[in-house]
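Please view the sequence and structure shown here before reading on.

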Amino acid sequence: MQLKNDLLIRAAKGEAVERTPVWLMRQAGRILPEYRAVRESVSGFIELAQTPELAAEVTIQPVDILGVDAAIIFSDILVIPEAMGLPYEMVEKRGPWFPNVVSSVADLKKLRIADGVDDLSYVIDAIKITKRELDGRVPLIGFAGAPWTIFAYMIEGSGSKTFSKARAMLYTQPEMSHQLLQMITDSTINYLKAQIAAGVDLIQLFDSWAGILPPEHYETFSLKYIAQICDAINEVPKTVFAKGAFFAREQMGKLNCETIGLDWNMGVAESRKMIGDDKTLQGNLDPAALYGSAKEVELVTNLMMDQFKGGRHIANLGHGVYPDISPDKVKVFIETVKNYAKR
Ligand SMILES: Cc1c2[nH]c(c1CCC(=O)O)Cc1[nH]c(c(CCC(=O)O)c1C)Cc1[nH]c(c(CCC(=O)O)c1C)Cc1[nH]c(c(C)c1CCC(=O)O)C2
């Protein structure tokens with residue numbers, strides 16, 4: 001299927017584009033009343049994610065309503081632990097929670113390497129429906145959590161400010177940590193390959209908890225596994241977004257991927273220098289900027305675009321859009337990016 005709008009793919013590959021493509025991390029869901037309406041028709045997030053027709057519907061909503069240049073499949077990074085044998089629940093207003101966690105080799109032995117097709121067929125079905133319904137209007141992004149971030153949830157059992165149990169594990173049981181990280185990595189490769197076979201046009205790895213590791217641990221317990229995934233996937237362009245990994249930018253420039261996501265703490269010029277010119281940079285407006293007035297959103301978005309000017313760029317926020325941001329402000333952000341080249 002030929003894409004009618006392939007700006008994202010061309011920008012990722014470093015090919016010429018008429019204008020910078022734009023999408024938002026966490027664009028599917030939460031901010032849109034249309035999403036909340038669908039969400040209320042089911043028992044909760046997990047049922048929505050596991051009902052392919054509905055997952056496809058909320059995946060496409062931001063394309064129709066906001067005018068983004070890409071859709072991202074509606075799912076969650078935590079489907080991987082579940083497929084490995086560690087189910088999660090989504091607790092209203094509090095986030096993910098795991099009834100069981102991994103704390104010993106015995107716990108590890110109960111887990112398996114997930115098969116992307118058999119264990120996650122509901123995501124694969126949602127991707128196929130979405131591709132059919134999108135009909136080539138924009139590319140579809142597939143995604144997974146980076147192994148370290150998934151590991152952090154599997155050890156900790158929920159969100160945490162410090163993830164101190166997960167970090168402790170790297171010191172107290174380094175061998176077991178590597179074993180679990182390798183199982184997550186193998187599961188993730190299977191999963192991403194299945195997503196690609198079902199039709200996704202680009203994949204993104206989310207290392208949301210990169211920034212809590214010391215640089216040496218980041219290299220051995222995270223980047224090493226991200227590199228394995230990048231090396232295993234060559235069918236579509238890859239984006240690596242490692243929140244807070246400012247200390248690892250130079251090494252990330254050497255990953256076998258096309259795009260590196262920047263969070264809003266990372267200076268653009270400095271990142272460009274560290275990462276190099278032969279990667280696309282994605283980001284990086286402060287998500288809180290969208291609380292400003294429409295005029296202010298336009299101003300800061302143009303300032304962001306100025307900073308990326310002349311280099312390979314995909315416009316986005318520096319992290320996921322906050323749930324209470326008005327869709328109108330998101331539209332101002334998107335329209336400002338789209339109009340930038342015409343100024
Ligand atoms: C760390 C992480 C998670 N999930 C994800 C990450 C990495 C990105 C990041 O750093 O934000 C990724 C994710 N989660 C979701 C998507 C869907 C696609 C998209 O719009 O980007 C994506 C890409 C849906 C979701 N995942 C979740 C929701 C809200 C659930 C609801 O509708 O009740 C959605 C739409 C729940 C979720 N899922 C997770 C948390 C911590 C929470 C609760 C807090 C929150 O809402 O952000 C884990």
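How far apart do the end C-alpha atoms of residues 141–157 lie, and what percentage of the span is helix and what percentage strand? The ends are 27 Å apart, and the span is 59% helix and 29% strand. Helices (H or I, at least four residues) and strands (E, at least two) are DSSP runs, numbered from the N terminus.

## Basis of the model

This is a predicted model, in which local features need pLDDT of at least 70, side-chain atom pairs count only at pLDDT 80 or more, and totals for chains, interfaces and linings use all residues. Residues are numbered from 1 along each chain as its sequence is written.

## Annotated segments

The unreviewed UniProt entry places the feature "domain: Uroporphyrinogen decarboxylase (URO-D)" at residues 21–30 and 141–157. UniProt positions follow the numbering used here, feature names are shortened, and annotations may be inferred rather than shown by experiment. In residues 21–30, the end C-alpha atoms are 22 Å apart, with 0% helix and 0% strand.

## Ligand surroundings

Around the ligand there are 22 residues, of which Ala28, Gly29, Gly95, Phe206 and Ser208 come nearest. A residue is near a molecule if its C-beta atom, placed from the backbone, lies within 6 Å of it. The shell comprises 11 nonpolar, seven polar and four charged residues. Here Ala, Val, Leu, Ile, Met, Phe, Trp, Tyr, Cys and Pro count as nonpolar, Asp, Glu, Lys and Arg as charged, and the others, Gly among them, as polar.

Arg26 lies in the loop between helix H1 (7–13) and helix H2 (33–40). Arg26 is partly exposed because it has 17 C-beta neighbours inside 10 Å; the class lies between buried (20 or more other C-beta atoms within 10 Å) and exposed (12 or fewer), with C-beta atoms placed from the backbone. Beyond four places in sequence, Arg26 touches Gly320 and Val321, contact being C-beta atoms, placed from the backbone, within 7 Å.

Ser208 occupies the loop between strand S5 (202–207) and helix H11 (215–232). Ser208 counts as buried because 23 C-beta neighbours lie inside 10 Å. Leaving aside residues within four places in sequence, Ser208 contacts Thr149 and Lys243.

## An exposed loop residue

Glu235 sits in the loop between H11 and strand S6 (238–242). Glu235 is exposed, with 12 other C-beta atoms within 10 Å. The C-alpha atoms of Glu235 and Ile203 are separated by 9.9 Å, although these residues are 32 residues apart along the chain.

Definitions and conventions:
Contact = placed C-beta atoms within 7 Å.
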